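Reader: I am new to this structure. Please walk me through its helices and sheets.

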Amino acid sequence: MLAAMALAIHSGDPLIADPFPGWPIQDGTELEQVRASLESGTWGVGGECLAEFSRRFAEFQQAGRVLPVANGTVAIEIALEALELGPGDEVIVPDYTFVATATAPMRLGIRPVLVDVRPDTFTIDPAALEAAVTDRTRAVIPVHFGGNLCDMEAILDLADRYGLAVVEDCAHAHGAHLDGRYAGSFGEIGTFSFQSSKTLCCGEGGAVVTRSERLLARMRAIHSAGRHGSEDDYNHFTLGSNYRLSELQAALLLAQMSRLEELCNRRDRHGALLNERLAAIDGVRPQARQPGLGRHGHYLFPFVLEADVPRDAFKRALRAEGVPVEDQYPALHEVVCLRNSGLAEGEFPVSAELSARSVWIYHHALLAGEDQVGLIADAVSKLLDHRRELV
């Protein structure tokens with residue numbers, strides 16, 4: 001049946017006629033929350049929205065105390081600075097992640113050491129991590145790629161044996177949990193992004209989470225001009241900067257929190273459905289869930305195109321069939337600023353394959369009805385039936 005249907009890029013009818021949900025989702029809740037914040041007269045620090053969001057996100061993520069900050073990139077910088085890392089130190093990061101995981105350490109003079117990821121889960125390979133440890137290694141930044149948590153048992157064991165700090169990059173993993181523990185609760189510090197594409201968003205924003213009161217105090221001072229107290233405190237005890245989140249952004253986050261649990265559950269349920277459907281199709285390999293994963297964060301739904309079909313032509317054809325396809329990251333060893341800095345040494349066969357052959361589906365596609373999510377697999381199957389037309 002699907003083989004008989006002409007491709008949409010060749011003037012056939014798209015397989016998926018109905019649009020997928022857009023992002024970000026908003027309704028009257030956002031307007032009401034922002035209006036209340038505006039009318040309070042407190043638009044910056046010290047308002048009720050920041051305090052309430054910090055409390056509610058800490059409760060939701062079960063990761064200790066929360067400090068909202070300007071974005072996910074500075075969240076990593078603040079975390080590393082609070083751990084007193086600096087020039088001469090090394091941190092190990094996966095080669096397949098957003099560039100900020102590596103450039104945030106570089107901004108502090110820290111050398112990121114790139115290691116390969118696993119071909120099944122697309123997350124950092126513990127064996128590659130261990131092989132990269134030197135006497136200068138101070139920390140590891142595991143990235144919960146796509147919302148799939150890393151093998152945290154193996155990572156924590158290595159960190160304990162080699163005396164490494166663990167800073168979790170949770171930018172993709174809002175609401176994700178593994179063996180009953182949530183993203184951000186495993187290491188010394190977890191970092192989150194609330195940028196507009198994230199599953200919890202306010203345009204730009206981020207947070208650091210920790211169970212350590214000492215680290216929280218250090219991060220609070222770093223993010224607010226070196227203060228230990230409030231905005232009115234002009235005793236600056238340490239060298240800091242201004243990485244604060246505004247009250248208006250916190251108001252948006254509070255509104256988004258009202259539906260976060262429901263949307264996380266729907267993405268996880270529909271992601272598992274799509275994973276099962278795609279796993280049955282020869283020529284594609286979906287991301288495997290980490291054993292023990294309770295809920296996948298599904299910032300995106302990635303799969304590897306193994307069939308002998310040009311990946312970019314496949315993506316264009318999939319979009320034409322009505323599937324919301326996202327552009328994917330390059331591997332870090334391919335990024336110009338890292339190559340120019342001499343940081344792209346080594347072999348990274350898995351991340352190179354992900355860079356060249358992965359296809360990403362936007363997370364909000366998983367918010368559609370179950371039948372429409374299933375049509376994504378039908379569209380993939382249709383294209384593979386017509387693979388000769390894509391070469």
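Author: Start with helix α4 (residues 100-107), where Ala-100, Thr-101, Ala-102, Ala-104 and Pro-105 are buried. Buried means under 20% relative accessible area, exposed over 50%, partly exposed in between (1.4 Å probe, protein chains only). This is a predicted model: local features need pLDDT of at least 70, side-chain atom pairs count only at pLDDT 80 or more, and totals for chains, interfaces and linings use all residues. Residues are numbered from 1 along each chain as its sequence is written, and side-chain values use heavy atoms, with hydrogens and water left out.

Reader: How are helices and strands named, and what do the buried residues of α4 pack against?

Author: Helices (H or I, at least four residues) and strands (E, at least two) are DSSP runs, numbered from the N terminus. The buried residues of α4 pack against α3, β2, β3, β5 and α11 (336-340). Contact here means heavy atoms within 4.5 Å. Just after α4 comes Gly-109, with a positive phi of about 80 degrees.

Reader: How do I read a sheet?

Author: Strands of a sheet pair through backbone hydrogen bonds, either parallel or antiparallel. Two strands pair if DSSP finds at least two bridges between them. Here, seven strands form an open sheet with mixed pairing, in the order β1-β9-β8-β5-β4-β2-β3. Its edge strands are β1 (65-69) and β3 (111-115), each pairing on one side only. Neighbouring strands of this sheet are turned by 25 degrees against each other on average, direction ignored.

Reader: How many residues of β5 are buried?

Author: Five of the five residues of β5 (residues 165-169) are buried. Ala-165, Val-167 and Asp-169 point one way, while Val-166 and Glu-168 point the other way.

Reader: Which helices lie across these strands?

Author: Helix α3 (residues 72-82) lies across β1, β2, β5, β8 (189-193) and β9 (206-210), at about 165 degrees to β8. Helix α6 (residues 152-162) lies across β4 and β5, at about 150 degrees to β5. Axes are lines fitted to C-alpha atoms, for helices over the stretch in contact, and angles run from 0 to 180 degrees between N-to-C directions.

Reader: How do I describe two packed helices?

Author: Two packed helices are described by the angle between their axes and the distance between the axes. The axes of α9 (residues 260-279) and α13 (residues 370-385) come within 9 Å and cross at roughly 25 degrees. These two helices are therefore roughly parallel (under 35 degrees; over 145 is roughly antiparallel, 65 to 115 roughly perpendicular, the rest oblique). From α9, the contact is made by His-270, Leu-273, Leu-274, Arg-277 and Leu-278; the α13 residues include Val-373, Ile-376 and Val-380.

Reader: Is Gln-290 buried or exposed?

Author: Gln-290 is buried, with a relative accessible area of 6%. Gln-290 is found in the loop between β10 (284-286) and β11 (293-295). Among the residues that Gln-290 touches are Arg-118, Asp-151 and Leu-178.

Note on methods
Lists of a residue's contacts leave out its neighbours within four places in sequence.
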